[in-house]
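Trainee: I want to know what stands behind each label before I use it. Can we go through them one at a time?

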Amino acid sequence: KRHSLDDLSNVITKSNKQISIMFNNIDGVTSNFDTVTTELMLKNENFSVLALAETNLDACNKNLFNIEGFQSTYQSKINGKHKGSGLAIYLKESLLFNTLESFNQCSPNLESLFISINNTNNKIPITIGVLYRPPSGDEHIFISELNVILQKLPLNNVYLCGDLNIDLLKRSQNRLEDILYSNGFAPLISIATHHKPGCTPSCIDNIFTNSTDCVTYSGVCDIISGHHCPIFCTTLTEWTSSDDESNLPKYDFNESNMIKFENEFTNYLVNINYFEGAIF
């Protein structure tokens, strides 16, 4: 379903602790960041996660683009590429998250950035990934690389959002759907998300999940930043207070663990290849 800003506000404000996810191909944060944050985030402040593709930014510059009340993690654009690369995820400051480095990659065929949110009312952390497939990449290699990631992800409570530059409105695009469905993922968006003058509208932006029973709402926002409409979903999962001690990391300090750490650290130091002439 397509929504105006007023409709969107009514949907999202039903629960201010509901984990809700919005994705947008921003086509450059330097050009469109103010539009997205003003029209989408500030008027709909209850969105808890905003994922972006094509930031065209290096992670070291992420502090130039802040949203009040949110924290962020960035993946740098491909080195030497000035347009059509780079990912970001903004989360409310109340959310405790970890970056999942083992699922993150930046290749000519697939860019991915994953995080997990730990302070929720669900025993299993919610995993959120943002994906981008450069249209200049090899689609077959992309399918293979994505399949490797899908097979390693948790069996539920996972949400993948992104611009894959594969139109799911075309019946011929079934290889992508095959690997998604075979790994337990279903798309939440089924209408056009990309509108470009002279081109047929297409559904190349989407949100996929392996927990459709936890989704309360999904849709497309009428606001267009560039040629892409923002897409969103809301879930039954709610975040809990980060002050709750049950959400804090647990550390097991005991003699055997300390000895194990000491031995591993000693071996690490022994195996370091010091640069010739380095002074310590």
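What follows is a short exchange on terms and the values behind them.

Mentor: This is a predicted model, in which local features need pLDDT of at least 70, side-chain atom pairs count only at pLDDT 80 or more, and totals for chains, interfaces and linings use all residues. Residues are numbered from 1 along each chain as its sequence is written, and side-chain values use heavy atoms, with hydrogens and water left out.

Trainee: How many helices and strands does the protein chain have, and what makes a run count as one?

Mentor: Five helices and 14 strands. Both are DSSP runs, numbered from the N terminus: helices are H or I with at least four residues, strands are E with at least two.

Trainee: What is the strand order in the open sheet?

Mentor: Seven strands line up as β1-β13-β14-β2-β3-β5-β4, with mixed pairing. Two strands pair if DSSP finds at least two bridges between them. In general, such pairing runs through backbone hydrogen bonds, parallel or antiparallel.

Trainee: What makes β1 and β4 edge strands?

Mentor: β1 (2–3) and β4 (70–75) each pair on one side only. The partner of β4 is β5 (residues 87–92), antiparallel over six bridges. Within β5, A88 stands opposite Y74.

Trainee: How do you know that β3 pairs with β2 and with β5?

Mentor: Count bridges. β2 and β3 share five, in the parallel sense. β3 and β5 also have five, running antiparallel. The cut-off is at least two, so both qualify as pairs. For examples, A53 in β3 is the bridge partner of N25, and I89 in β5 stands opposite A51.

Trainee: Why is β3 called mostly covered?

Mentor: Five of its five residues are buried. Buried means under 20% relative accessible area, exposed over 50%, and partly exposed in between (1.4 Å probe, protein chains only). V49, A51 and A53 are buried on one side, L50 and L52 on the other, and both faces are covered. Across the 280 residues of the protein chain, 49% count as buried.

Trainee: Why is D58 called partly exposed?

Mentor: Its relative accessibility is 27%. D58 lies in the loop between β3 (49–53) and β4.

Trainee: What does D58 contact, leaving aside neighbours within four places in sequence?

Mentor: S76 and K77. Contact means heavy atoms within 4.5 Å. As for I78, its C-alpha atom is separated from that of D58 by 8.5 Å, at 20 residues along the chain.

Trainee: What makes K83 and D27 a salt bridge?

Mentor: The rule asks for a side-chain nitrogen of Lys or Arg within 4 Å of a carboxyl oxygen of Asp or Glu. The closest N and O atoms of K83 and D27 are 2.6 Å apart, so the pair passes. K83 is in the loop between β4 and β5 and D27 in the loop between β2 (18–25) and α2 (29–42), so the bridge ties together parts 56 residues apart in sequence. The count by this rule is one.

Trainee: Why do F261, F265 and L269 count as a patch?

Mentor: Patch residues need over 30% relative accessible area and no salt bridge; like charges are joined within 9 Å, nonpolar side chains (Val, Leu, Ile, Met, Phe, Trp, Tyr) within 5 Å. L269, in helix α5 (residues 255–271), has 36% relative accessibility, so L269 clears the area limit. The three residues make a nonpolar surface patch of about 290 Å², an area from the Shrake-Rupley method with a 1.4 Å probe; for residues, only the protein chains shown count as cover.
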